[in-house]
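Q: Could you walk me through this one? I am new to it, so please go slowly.

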Amino acid sequence: MTGTPMTIPARRPVLTGWAAALRVVEGLWTWYRRSWRATVVSSFVQPLLMLVAFGVGFGSLIDTSARAALATGGVPYLTYLAPALLAVSAVQTAAFESSYPILSSFKWRRTYEGIAATPITPGQLAGGQLTWIALRLTMSGGAYLLVITLFGAVHGPGVLASWVFAVLCGMAFSAVFVAFSAAQEHEGGAFTAIFRFVVLPMTLFSGTFFPISQLPSAVQPLAWVSPLWHGTELARGAALGDLQLIPAAGHIAYLLGLLVVGVWLSRWQFRVRLTR
Amino acid sequence: MSDSLVQARGLRKRFGAFEAVRGIDIDVWAGEVFGFLGPNGAGKSSTMRMIGCVSPRSDGELQVLGMDPDIDGPRIRARLGVVPQQDNLDIELSVRDNLHIYGRYFGMSRAAVRAKAAELLDFVQLTDRATDPVEQLSGGMKRRLTIARSLVNDPELILLDEPTTGLDPQARHLVWDRLFRLKQQGVTLLITTHYMDEAEQLCDRLVVMDGGLIVAEGAPRELIAQYSTREVLELRFAPGAQRGWREALSDLAHWVEELSDRLLLYAADGEAALAAAHRRGVQPTSTLVRRSTLEDVFLRLTGRSLVD
């Protein structure tokens with residue numbers, strides 16, 4: 001320990017835009033690195049369980065049915081289900097990453113407060129956080145893809161596009177959810193309610209397990225609102241190779257629109273909360 | 001305003017109907033340690049957050065490092081160091097990773113961050129804890145790490161919001177020692193505190209804040225000379241028993257303050273006042289003659305003690 005002066009400061013240029021947001025991604029990566037093993041296991045185990053239960057177990061019951069074949073377009077139920085589960089998994093991971101970790105970074109870990117004191121702006125912080133979630137979805141989607149390939153549930157290379165659509169779908173949901181989480185002062189059961197009354201019904205009634213045309217016509221508009229239905233249509237269509245241009249453009253436009261609104265709301269909410 | 005690092009004129013901060021800062025003027029000069037002394041709720045932290053370019057001002061003029069926070073927030077923050085009132089280290093990460101990540105937010109290269117972290121860990125005596133998770137550190141160590149983190153970008157101005165609140169005396173002295181060293185190196189420090197001893201020890205100049213306003217301003221010794229007497233005689237009683245004596249003794253001092261269990265007689269010669277009081281038959285449980293402190297200044301100005 002000496003009294004020598006600190007190094008003479010060199011004036012650094014202030015990072016802007018994406019360069020700043022990427023530093024946030026790097027910080028989140030440093031944090032994730034410590035516990036990545038646990039999440040890697042879960043990103044393999046979760047699809048494994050879903051595929052075994054629904055694809056293999058449930059699928060063996062219905063694969064002999066002519067009515068089921070009509071709905072699945074003739075492909076085995078497992079192949080029909082797998083790309084949709086890719087989208088479901090993206091939405092579920094997005095829901096988790098967009099809830100407690102966000103509130104915690106504001107309220108308990110207070111890491112956002114620390115970042116707000118640096119040249120990084122709240123908008124760049126929100127952008128970096130969302131980019132990180134997109135990376136997480138891409139990683140867990142990759143694990144999913146590996147599992148369904150091993151199960152022989154892959155119809156062709158189109159499933160790579162399904163991967164992209166699944167991430168888009170997850171992010172459309174995530175951005176809005178992050179904005180919501182950033183507005184929460186207390187945990188207060190809001191997240192549990194969303195998991196129970198938004199994520200779960202969305203998973204069941206967005207055409208994952210059966211086409212939404214099987215739903216009562218009064219309920220169908222609810223599915224149209226669900227980002228997961230749009231994501232499922234895209235992911236399944238791409239995987240089975242029967243994606244139609246016009247509907248696909250519509251689904252993509254809906255998801256992109258939701259994403260843009262969510263990103264805008266998140267950036268706004270981060271700014272409101274961090275500049276009080 | 002050549003080398004004034006912070007200049008505020010009529011600075012205000014409102015939260016809805018509540019006005020936390022009600023129009024203050026401040027000038028902080030390069031190389032000085034400037035203090036905000038005042039009780040909780042005086043508006044110190046709100047002022048710090050405005051100077052730190054985190055919280056936008058509601059009204060008035062503010063320049064930090066010659067720039068307007070509303071326009072150049074990121075550029076100003078790039079040259080500030082901030083030690084918040086409540087530690088916001090990432091407790092799940094290691095001591096070193098906390099410094100690394102934070103340096104990267106300032107746009108530093110990995111090599112620069114690594115070198116700086118090693119230097120700072122040495123400065124705050126945490127080198128042997130570098131790989132430990134922050135969770136395992138004591139309160140004083142966390143505080144020192146927060147101070148190290150605030151230095152990662154070689155700031156020209158460091159804002160410390162109650163740097164030693166909640167620390168034991170030993171840990172406080174270690175923090176003070178590090179702050180002294182920074183001062184010797186010519187770094188400008190802005191400190192808020194509600195400890196008068198901290199303000200007296202560290203600050204070249206300070207403002208006393210109360211209810212969102214500045215009630216006095218100057219060097220600690222000047223403030224004491226201006227607002228208090230050289231000595232103070234404390235007469236301590238069983239709570240309540242001091243009542244009645246205030247009037248009887250008022251002519252022995254310039255003025256008398258009454259607290260719940262004691263009378264404070266402000267006099268140039270405390271011993272003489274004590275002898276005179278004894279002659280009048282006062283029987284306190286104990287007595288103390290001491291020099292005036294900033295606490296007395298605050299009591300004189302507001303009628304309340306700093307830490308209640």
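**A bent helix, then a sheet**

A: Let me begin with helix 2 of chain A, which bends by about 30° at Leu51(A), the bend being the angle between axes fitted to the seven residues ending there and the seven starting there. Helices (H or I, at least four residues) and strands (E, at least two) are DSSP runs, numbered from the N terminus. This is a predicted model, in which local features need pLDDT of at least 70 and side-chain atom pairs count only at pLDDT 80 or more, while totals for chains, interfaces and linings use all residues. Residues are numbered from 1 along each chain as its sequence is written, and chains are lettered from A and ligands numbered from 1 in the order in which they are written.

Q: Which residues of helix 2 of chain A are buried?

A: They are Ser43(A), Pro47(A), Leu51(A), Gly55(A) and Gly59(A), where buried means that 20 or more other C-beta atoms, placed from the backbone, lie within 10 Å of the residue's own.

Q: Switching to chain B, how many helices and strands are there?

A: Chain B has eleven helices and 13 strands, and buried residues make up 50% of its 308 residues.

Q: What is the strand order in the open sheet of three strands?

A: The order is 2-1-4, with antiparallel pairing, and strands pair if DSSP finds at least two bridges between them. Strand 2 (18–29) and strand 4 (59–64) of chain B are the edge strands, each pairing on one side only.

Q: How many bridges join strand 1 of chain B to strand 4 of chain B?

A: Five bridges join them, and Gln7(B) has Gln63(B) in strand 4 as its bridge partner.

Terms used. A residue is buried if 20 or more other C-beta atoms lie within 10 Å of its own, exposed if 12 or fewer, and partly exposed in between; C-beta atoms are placed from the backbone.
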